[in-house]
Amino acid sequence: MTSFQERLFAMQDKQYAAFQAKLTPGVPMESFIGIRVPVLRKFAKEFTKEAKCEEFLHQLPHEYYDENMLHGLLISEVKDYEECIRLTDSFLPFVDNWAVCDIMSPKVFAKHKKELLTKIKTWSKSSHVYTCRFGIEALMSHYLDKDFKVEYLEIPASVRIEEYYVKMMVAWFFATALAKQWDATIPYIEQRRLAPWTHNKTIQKAIESYRITPEQKEYLRTLKMK
């Protein structure tokens, strides 16, 4: 064990490790140290000031799930857009679960919408499950409000990966799009543009949302595919 890993193990919560392992199937139990996310976030903010931070970001692959979570949190704090993209592209091939994928939310993306859209299109076409998921999530986070254009809905609609964590993200995207951009999005449901499972999951998630009106929910129920 490295001295850095010893620092991480000092924050260990074994019960939390067991809890996280249940939520992330496919990741071996021995990969979990068990550091709670608020604790890891606090550590990440402090670690960015250390010289060892840059070294850590270039040490791939990591041994532990928690190291990957830390990596995602550190990328989220990078202030230089080009550097953030470089680090993201280097890290994505090593992302092997939804939690690490979803914790990455680079703040600098919000200031670079034009360049980011090009990257999102590339990531969303990837055959790597979590690269594709990350691309759709970035689109959902940054382009469903004032920067929205109806053609952006084609990006997730054209994804054809038959993997649960990609299909789930597409459904999450369209449920959010229904909440934020109903008029532009509802034709995708009316015209059954999504695969049956994703179509029904979108409706389910939209019906569960407090941002969808009772009338809209009632209408969505009539659009479920048998």
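## The cavity and its lining

In this predicted model, helix 5 gives the largest cavity the biggest share of its lining, with three residues. Two elements put two or more residues into that lining: helix 2 (14-23) and helix 5 (65-77).

Rolling a water-sized probe over the atoms shows where empty space is left. Searching the whole structure turns up one cavity of 30 Å³ or more. The largest cavity holds about 40 Å³ of space.

## Cysteines without partners

How many disulfides does the model have? The count comes to zero. For a disulfide, the two cysteine sulfur atoms would have to be within 2.5 Å.

Take cysteine 84: the closest cysteine sulfur belongs to cysteine 53 and sits 12 Å away, so that's too far for a bond. Cysteine 101 isn't in a disulfide either; here the nearest cysteine sulfur is that of cysteine 132, at 9.3 Å.

## Buried or exposed?

Are cysteine 84 and cysteine 101 buried or exposed? Cysteine 84 has 0% relative accessibility, so it counts as buried. Cysteine 101 is buried too, with its relative accessible area at 0%.

Definitions and conventions:
Residues are numbered from 1 along each chain as its sequence is written. This is a predicted model: local features need pLDDT of at least 70, side-chain atom pairs count only at pLDDT 80 or more; totals for chains, interfaces and linings use all residues. Side-chain values use heavy atoms; hydrogens and water are left out. Buried means under 20% relative accessible area, exposed over 50%, partly exposed in between (1.4 Å probe, protein chains only). On a 1 Å grid over the protein atoms alone, a cavity is a set of points where a 1.4 Å probe fits but cannot get out, and a pocket is an open set with protein on both sides within 12 Å along at least five of seven lines; lining residues have an atom within 4 Å of a point. Grid points are joined across faces, edges and corners, and a volume is the space filled by probe spheres set on the points. Helices (H or I, at least four residues) and strands (E, at least two) are DSSP runs, numbered from the N terminus.
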